[in-house]
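Here is a briefing for a first look. Read it with the model open beside you.

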Amino acid sequence: MKSAGYVVLFTIAGCSQGVCRSIGSTPGTAPSPVHSAAEPVMAAQPDSGEQESLGEQIAPLRKGGRHLIAEPPDDAEDAAYVAWVAAAGLAAQNQQPPPTPPPGFALRAVPGRDLWVLSEEAKDKGRRRGAAAVVLRTGAAAPLIVEAPHTFFDRGTLPIALAVFEAQRARALVVNTSHRYGGRPKPGNAVGEDEGAEEGGDEGAGGEAADGETTGGGGPGAGGRGHGGSGGARGESHAARARLAASLAFADVAHAERSFFLSAHRALLQRFPGIPTLQLHGFQDSSAPDAAAIASAVGPGADLERLLAPLRAVVSDGKVLAYPADIDKLGGATNVQARWSRQMGAPFYHVELSRTLRDKLIEDTEFRRRFAAAFAGIAVGKGQ
């Protein structure tokens with residue numbers, strides 16, 4: 001069900017066109033105090049309802065994303081988007097009015113929550129590029145970015161990411177809004193070991209395109225279909241496959257050298273130097289039969305031991321393995337966000353979860369709560 005609050009333009013707070021100009025106070029009341037960066041962050045209450053509220057805001061942004069191939073920004077778009085996300089991060093931290101978004105993007109406050117959602121405009125019609133959804137916590141927050149780049153492909157990673165974001169009172173959450181393979185089966189030469197079972201129903205968004213259709217970059221079967229065996233048809237088919245291959249180079253936002261997802265990651269590291277990132281993935285049980293979870297860490301200040309012991313205490317009926325000490329695969333070795341975190345002097349934690357473990361986390365709310373609490377050790381230090 002669509003949230004009525006999603007389309008509220010916050011006119012009472014002095015906002016227009018979906019962009020909040022002044023957030024954090026109600027007319028006739030004093031503005032909320034600005035939290036110090038060093039102020040301790042209180043743990044979220046397990047029944048606060050934040051996950052449900054935020055899920056309702058994200059769902060429209062993911063509508064149709066199962067069959068959408070991400071389109072990367074050009075140089076000018078990238079610069080404007082990075083500047084906007086970084087400025088929004090500063091405004092969120094200091095509880096100031098948010099900056100004006102670049103064309104095609106919007107910032108909306110989550111009603112009743114200290115949360116902002118940054119995204120491309122959610123329109124029923126018109127061009128969509130599969131730009132990521134970025135959530136910022138305003139005021140005091142833990143220095144942590146939570147990322148879920150394959151939510152249409154790695155079943156359960158979205159609700160798990162929402163749980164971690166809430167439990168840790170994390171500063172930011174970044175979620176993909178397009179499929180890593182444009183809704184197609186995993187190509188034989190694809191990077192990664194993800195499971196291939198998509199998140200069903202587009203989070204209830206409905207309105208999916210028919211199988212075989214795509215938006216952007218040309219689709220499989222586009223050109224040449226229904227033209228018999230003519231040379232022209234073969235040429236068109238070859239061209240269509242070439243277009244699809246080119247577009248898929250940007251589809252997997254965890255490996256694409258350019259994407260709005262990566263731009264958001266860079267912007268957050270720029271605004272919050274040294275902030276840790278936790279990125280969640282999934283794998284088939286058959287890819288690593290002896291593992292329930294596989295964790296790795298790179299970058300200055302990364303300490304995998306802060307994560308392994310708490311996870312092993314929670315996942316007591318399965319093995320939590322460390323890459324590369326315990327296992328030589330599924331370590332995120334080619335992850336572009338990991339590379340940028342390392343280059344920008346920040347720790348990056350990559351966690352792969354088996355299908356069995358994810359299914360249990362989806363079904364068992366209490367287990368998911370304890371699992372989300374296990375990441376407290378990596379969100380340490382000065383609040384941001």
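## Briefing

Arginine 129 is buried, with a relative accessible area of 13%. The model is predicted. The points below cover this arginine, the sheet, the aromatic pairs and the nonpolar cores.

**Arginine 129**

- Arginine 129 sits in the loop that runs between β2 (115–120) and β3 (133–137).
- Neighbours within four places in sequence are left aside here: arginine 129 then contacts Leu68, Ile69, Ala70, Glu71, Pro72, Pro73, Glu77, Glu120 and Phe260.
- Among these contacts is Phe260, which is itself buried at a relative accessible area of 3%.

**The sheet**

- Nine strands make up an open sheet. Their order is β1-β2-β3-β5-β4-β6-β9-β7-β8, and the pairing is mixed.
- β1 and β8 (320–322) are the edge strands, each pairing on one side only.
- On average, neighbouring strands of this sheet are turned by 20° against each other, direction ignored.
- Helix α2 packs on the sheet and touches β1, β2, β3 and β5 (170–175). The direction of α2 makes about 170° with that of β2.
- Helix α8 (residues 355–363) also packs on the sheet. Helix α8 touches β6 (277–283), β7 (293–298) and β9 (348–354), and its direction makes about 90° with that of β9.

**Strand β2 and its partners**

- Six of the six residues of β2 are buried, so β2 is largely enclosed by the rest of the structure.
- β1 and β2 pair in the antiparallel sense, over five bridges.
- β1 and β2 form a hairpin, with five residues between them. In the turn, glycine 112 has a positive phi of about 80°.
- β2 and β3 are also antiparallel, paired over four bridges.
- Leucine 115 has arginine 137, in β3, as its bridge partner.

**Aromatic pairs**

- A search of the whole structure finds six aromatic pairs.
- Tyrosine 81 and phenylalanine 260 form an edge-to-face pair, at 5.1 Å centre to centre with 75° between the planes.
- Tyrosine 81 lies in helix α2 (residues 75–94) and phenylalanine 260 in helix α5 (residues 260–271), so this pair ties together parts that are 179 residues apart in sequence.
- Both tyrosine 81 and phenylalanine 260 are buried.
- Phenylalanine 105 and phenylalanine 260 have ring centres 5.3 Å apart and planes at 55°, so the pair is tilted.
- Phenylalanine 105 belongs to strand β1 (residues 105–109) and phenylalanine 260 to helix α5, so the pair ties together parts that are 155 residues apart in sequence.
- Phenylalanine 105 counts as buried, at 11% relative accessibility.
- Tyr81, Trp84, Phe105 and Phe260 form one aromatic cluster.

**Charges over rings**

- Arginine 266 has its charged end over the ring of tryptophan 340, 5.2 Å from the ring's centre.
- Arginine 271 lies over the face of phenylalanine 272, at 5.4 Å from the ring centre.

**Nonpolar cores**

- In soluble globular proteins, nonpolar side chains tend to be buried together.
- The largest nonpolar core here has 47 residues. Leu54, Leu173, Leu278, Leu307, Phe371 and Phe375 touch the most other members.
- Helix α3 (residues 157–167) gives the largest share of this core, seven residues.
- Another core, of 30 residues, lies apart from it; Tyr81, Ala109, Phe272 and Ala346 are among its members.
- Leucine 278 is in contact with Leu144, Ile145, Val146, Glu147, Val164, Tyr349, Val351, Phe375 and Ile378, leaving aside its neighbours within four places in sequence.

**Valine 174**

- Valine 174 is found in strand β5. Valine 174 is buried, with a relative accessible area of 0%.
- The C-alpha atoms of valine 174 and valine 146 are separated by 6.4 Å, while the two residues are 28 residues apart along the chain.
- With neighbours within four places in sequence left aside, valine 174 contacts Ala132, Ala133, Val134, Ile145, Val146, Glu147, Ala148, Phe261, Ala264 and Leu268.

Definitions and conventions:
Residues numbered from 1 in each chain as written. Predicted model: local features only at pLDDT ≥ 70, side-chain atom pairs only at ≥ 80, totals over all residues. Heavy atoms only, no water. Phe/Tyr/Trp six-rings, centres within 6.5 Å; stacked < 30°, edge-to-face > 60°. Helix = DSSP H or I, 4+ residues; strand = E, 2+ residues; numbered from the N terminus. Buried < 20%, exposed > 50% of the residue type's maximum accessible area, 1.4 Å probe, protein only. Lys NZ or Arg CZ within 6 Å of the ring centre and 35° of its normal. Contact = heavy atoms within 4.5 Å. Pairing = 2+ DSSP bridges. Axes fitted to C-alpha atoms, helices over the stretch in contact; angles between N-to-C directions. Core = buried A, V, L, I, M, F, W, Y, C linked by side-chain atoms within 4.5 Å.
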